[in-house]
Amino acid sequence: MFALTVKNITAFILFPPLCILLEFVYRYFSRSLKFLRGPPRPSLLFGNELELTVQEEVGVLETKWFNEYGLAFRTSSCFGEDALMIADPQALRYITMTSAYGYPKSTDSAQITTLQFGPGILSVEGEIHSRHRKVLNPAFSVSQLRQFLNLFQRSSVRLADKLQYEELGNDGKVVNVTHWLPRATLDIIGESAFDYKFGALDGEANELSEIFKHMFADARLYPQKRTLLYRAFRRSVNTPIANLLLKFPGKQDKKMMEFSVASKRLAKSLFDSALKETKLEGDTKSSKDVLSVLVRSNVAEDSKKALSEDEVLSQMATLILAGHETTASTMSWLLYEITRNPKDQERLYQEISNTRERVGPGINLTANDYDSMPFFNAVIKEGLRLHPIVPNISREAGSDDNIPLQYPVTSESGERLSHVSVAKGQRISINIAMYNRLTQVWGDDANRWRPERFMNEKKKDITVGVYSNLMTFGSGVRACIGWRFALMELQAILFSLLERFQFFPPPPDGSFRGLDDIQRVPAGLMIPMKRGNWRQGVQMPLLVKLRQQ
Ligand code: HEM
């Protein structure tokens, strides 16, 4: 009797690992993309996933592989699974625009965004996503955004004041611009979307600013091997088990959840008072700022326009993070390029000072004034092209399908493939950073900084994305809802900073050799850090001097 029980217990314990082992063996032999070429798998357990995740700089391995295998190839993920890596323009257009909801976000990316934000626009799919988008769209229309231009300009001038009066001496100073930029953009999203003053530029202590300081480095950078395996396991089990596992987050997941809890706490208090106000005063239906459209959606009777309270708070958490860190990191990379290219910095300054002369001292520019500067806007586009801070996005095939290619690839057997066949559930990594540097699309100097390419833009054979044929803001129904907001912010901040300051490379310091030692580190977002010194956190040190007028 006792022996039988021991046998039963042993079988009970061994059964799950045995199933998992069999699943791996099955997966290995029934690999879905074995007809495609791709890099060798350095480890059976980790595939190429570990080397991709721990590489020092975003895109180094991927670029090598794209050069070797063409614009669509196979990589191996943990536990013997294949993933399709792709940067072909037609394929990107097909996945993100033609088929749109036919290629939902991959399970792991949906799980991570759910942990971070809850059931908000970034994590939901299909009809639910379409409902979220309908609710939020009016808050991001051109006319609505133009109302915020003044606020963007005020915050940009405050940022410049802070740099001038709190950082710089007479000879200028090396400033870590990533310390200041997210503060300005956090203040902007707080006030414009929720009429809330974070006071981040003034250094006011608040829970969220503290969490943001190291969030990306702590939550996404260089996960431990066991974290990678755990995430890979979690994405491959069925939904009820995955939901159970999500209740046991790893160390990095907990960092994301810290943000989720704190941002929703703030969101709840803002939402409750706005809701109370609406109930007391009635809704005039005229205001289209984010908080007003969210409150309206929560009381809406039409189910196609309604959001539950949890959905509302999740949108608010999403916008707080997606609406500030992205623009701030992009701005850091823009300043980096402008610093590396002093002639362009001077040309930019000339255009800015001509515009200032035309508009008049102390007078706010209009949106048309910003748009009328060709080199200024070309510089912003070139920065967005070379440094897309979301370097790749993940999808999976919703059904068996054939993805068309503009540039055919050669299969393992030497066949020329103008389509890639994918099975339902196939994980796909859309490589934004690679697409933005394709010589086929951007010419032989695609890897070089050359803003002029945007001054006489030629029509491309196949266009993707929402802005200037770039993939930086994503593409199709899930493209960045805040891309116009971000552009306007970039214009206002760039103008204010360049009008007042000159940027120079930081002098070498100890083992730090200056700009060449700034790396694009893979932490979900492509964040700048000093080579070999990532424990210092996000760093973009630039020598900033007040411009002699
Ligand atoms: C330079 C700045 C920015 C960049 C490069 C950027 C990039 C992106 C990308 C690539 C996506 C698509 C993700 C995917 O398809 O998986 C996205 C989505 C999104 N972005 Fe941005 N973003 C920026 C600024 C902003 C701003 C300022 C806001 C809000 C104020 C914002 C809000 C969102 C939201 C809500 C989504 C989800 C859209 C959806 O799924 O329908 N982003 N962003």
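Select helix H8 (residues 149–167) together with helix H22 (residues 483–500), whose axes come within 9 Å and cross at roughly 35°; helices here are DSSP runs of H or I with at least four residues, numbered from the N terminus, and axes are lines fitted to C-alpha atoms over the stretch in contact, with angles from 0 to 180 degrees between N-to-C directions. This is a predicted model, in which local features need pLDDT of at least 70 and side-chain atom pairs count only at pLDDT 80 or more, while totals for chains, interfaces and linings use all residues. Residues are numbered from 1 along each chain as its sequence is written.

Stay with this pair and display the side chains. On the H8 side, the residues meeting H22 include Phe152, Ser156, Leu159 and Gln164, and on the H22 side Met488, Ala492, Ile493 and Arg500 are among them, contact being defined by C-beta atoms, placed from the backbone, within 7 Å. The residues of this contact divide into nine nonpolar, four polar and two charged, where Ala, Val, Leu, Ile, Met, Phe, Trp, Tyr, Cys and Pro count as nonpolar, Asp, Glu, Lys and Arg as charged, and the others, Gly among them, as polar.

Centre on methionine 316, which touches Phe194, Ala267, Phe271 and Leu294 when residues up to four places away in sequence are not counted.

Finally, move to two loop residues. Aspartate 195, in the loop between helix H9 (177–194) and helix H10 (207–219), has a phi near 55°, a positive value in a residue other than glycine. Because aspartate 195 has 15 C-beta neighbours inside 10 Å, this residue counts as partly exposed (buried means 20 or more other C-beta atoms, placed from the backbone, within 10 Å, exposed 12 or fewer, and partly exposed in between). Serine 468, in the loop between H21 and H22, has a positive phi of about 55° although it is not a glycine.

Technical notes: Two residues are in contact if their C-beta atoms, placed from the backbone, lie within 7 Å.
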